[in-house]
Amino acid sequence: MTRDAPFKYFRTSPEIIRLAVMMYVRFPLSLRNVEDLLHERGIDISHESVRFWWNRFGPMFASEIRAKRAERLRSGPQWRWHLDEVFVKINGERHYLWRAVDHEGEVLESFVTKTRDKKAALKFLKKTMRRYGWPEAIVTDLLRSYGAALKAIGAATLQETGRWLNNRAENSHLPLRRRERAMQRFRRMRSLQKFVAVHASVLNHFNAERSLYSRANFKQNRAAALAEWRVLCAG
């Protein structure tokens, strides 16, 4: 059974939809900012169209990017993961965003919970390991929930803790904090979980590590990422 084309019945071209979703998710822009920027390019759409497109197609794009990355990671050994959690307020109530980052700084998994205990850490670890396999080492902070959860799954020997060891995971929260300010915080736990999953996949896709390459290699990698983005959900 073949799946219907995701852009079927849409009058707007897939190229414009992909561009609008990329601009809204990748950069700290509001829906109306995206509308104004596209208007300057001669594309007349409503900010509500941008909202509908990102809600409908954002998870599709993220799923395709994530599936390719998971397949690539599971085909070879993984060196080190960095785990960290940060609080996020939703309607004045504190929630916790757990994040797993690999040794290259790319986000593997983002998970939102109401608590910061062993049960939440265990669920987060199982979800990440089910998708990507097991790493050789897991760097965490001194939160006891990590140790208890790793012990429960028989991975206590993988844990590493130490000052400044977990900077990769802590720095990975910064792009989301910028988006949080632009969006004037989140209003539902479900919408936060949906956005962080899409946001992480898009950032991974365009993560060119420009400080580690020459200008020529950076331009080549950026062009390759854009070319792959333009054919998402085209098959």
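The model is predicted, so local features need pLDDT of at least 70 and side-chain atom pairs count only at pLDDT 80 or more, while totals for chains, interfaces and linings use all residues. Residues are numbered from 1 along each chain as its sequence is written, and side-chain values use heavy atoms, with hydrogens and water left out.

I start with the cores. A nonpolar core here is a set of buried Ala, Val, Leu, Ile, Met, Phe, Trp, Tyr and Cys residues joined through side-chain atoms within 4.5 Å. Buried means under 20% relative accessible area, exposed over 50%, and partly exposed in between, with a 1.4 Å probe and protein chains only. The largest core has 39 residues, and V21, Y24, V34, L38, F61 and W229 have the most contacts inside it. Helix 1 (14-26) is among the elements that give it two or more residues, and the largest share, 8 residues, comes from helix 1. Helices (H or I, at least four residues) and strands (E, at least two) are DSSP runs, numbered from the N terminus.

W229 is in contact (heavy atoms within 4.5 Å) with R18, L19, V21, M22, F61, I65, V202, H205 and F206, leaving aside neighbours within four places in sequence. Another core, apart from the largest one, has 24 residues, including W81, Y96, A121 and L143.

Next, salt bridges: a side-chain nitrogen of Lys or Arg within 4 Å of a carboxyl oxygen of Asp or Glu. The whole structure has 10 of them. E106 pairs with R69, the closest N and O atoms being 2.8 Å apart. E106 lies in the loop between strand 2 (93-102) and strand 3 (107-113) and R69 in helix 3, so the pair ties together parts 37 residues apart in sequence. Both residues are buried. R69, D102 and E106 are linked in a network of salt bridges.

E64, in helix 3 (residues 47-74), forms a salt bridge with K68, at 3.8 Å between the closest N and O atoms. Is E64 buried or partly exposed? E64 is partly exposed, because its relative accessible area is 24%. K68, at 46%, also counts as partly exposed. Beyond four places in sequence, E64 touches V231, L232 and C233.

Last, I153 sits in the loop between helix 5 (144-152) and strand 5 (159-160). Setting aside neighbours within four places, I153 contacts L122, L125, K126, M129 and W134. I153 and V231 are 39 Å apart, C-alpha to C-alpha.
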